[in-house]
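This report goes through one structure from its strand pairing to its backbone details. Please keep the sequence and the model in view while reading.

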Amino acid sequence: GSLTYTIVVSNAGPSDVTGATVSDTFAATLTNVTWTCAAAGGASCGAANGTGDISETVDVPVGGTVTYTVDADVLASATGNLVNTATVAVEV
């Protein structure tokens, strides 16, 4: 089957964030992984779209958001729970 993830990065303040790294390494049981990125509130995506794992640099001002929509196929042989964790790292 297939699935869709939505990953939202938001900034509630108090400061704008420049150069944050958004990362997501997808499970080996996922294939044909594609993603798109949409920014709002003055934020910016590193790229508008891509394939495979996400490793992007984004800027997110206070009140801004960056939303990734990920589509993937699940291998028929996959069993158990599928757990996904995205991270955002900011240099201080």
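Val 22 has Glu 56 as its bridge partner in β5. In this predicted model, Val 22 also has a bridge partner in β7, namely Val 88. A further bridge to β5 joins Ala 20 with Val 58.

| Strand pair | Residues | Sense | Bridges |
|---|---|---|---|
| β2 and β5 | 17-24 and 54-60 | antiparallel | six |
| β2 and β7 | β7: 87-89 | antiparallel | three |

In general, the strands of a sheet pair through backbone hydrogen bonds, in either a parallel or an antiparallel arrangement. Here the three strands make an open sheet in the order β5-β2-β7, and the pairing is antiparallel. β5 and β7 are the edge strands, each pairing on one side only. From one strand to the next, the twist averages 30°. As a general point, side chains in a regular strand alternate between the two faces of the sheet.

Val 88, the partner of Val 22 in β7, is also part of a surface feature. Together with Val 90 and Val 92, Val 88 forms a nonpolar patch on the surface. The accessible area of these three residues together is about 330 Å². Val 92 is located in the segment after β7.

How many disulfides does a search of the whole structure find? The search finds one. The disulfide is formed by Cys 37 and Cys 45, and their sulfur atoms are 2.1 Å apart. The angle about the S-S bond is -80°, and the link between Cys 37 and Cys 45 is left-handed.

Are the two cysteines buried or exposed? Cys 37 counts as buried because its relative accessibility is 11%, and buried means under 20%. Cys 45 has a relative accessible area of 23%, so Cys 45 is partly exposed.

Two backbone details come next. Where is the cis peptide bond? The cis bond joins Gly 13 and Pro 14, with omega at about 20°. Pro 14 lies in the loop that runs between β1 (2-10) and β2.

The other detail concerns Asn 32, a residue of strand β3 (residues 30-40). The phi angle of Asn 32 is near 50°, which is a positive value in a residue other than glycine. The relative accessible area of Asn 32 is 57%, so Asn 32 is exposed; the cut-off for exposed is over 50%.

Thr 4 is placed in strand β1. With a relative accessibility of 51%, Thr 4 counts as exposed.

Note on methods
Residues are numbered from 1 along each chain as its sequence is written. This is a predicted model: local features need pLDDT of at least 70, side-chain atom pairs count only at pLDDT 80 or more; totals for chains, interfaces and linings use all residues. Side-chain values use heavy atoms; hydrogens and water are left out. Two strands pair if DSSP finds at least two bridges between them. Helices (H or I, at least four residues) and strands (E, at least two) are DSSP runs, numbered from the N terminus. Axes are lines fitted to C-alpha atoms, for helices over the stretch in contact, and angles run from 0 to 180 degrees between N-to-C directions. A disulfide is a pair of cysteine sulfur atoms within 2.5 Å. Buried means under 20% relative accessible area, exposed over 50%, partly exposed in between (1.4 Å probe, protein chains only). Patches are made of residues with over 30% relative accessible area and no salt bridge: like charges are joined within 9 Å, nonpolar side chains (Val, Leu, Ile, Met, Phe, Trp, Tyr) within 5 Å. Accessible areas come from the Shrake-Rupley method with a 1.4 Å probe; for residues, only the protein chains shown count as cover. A salt bridge is a side-chain nitrogen of Lys or Arg within 4 Å of a carboxyl oxygen of Asp or Glu.
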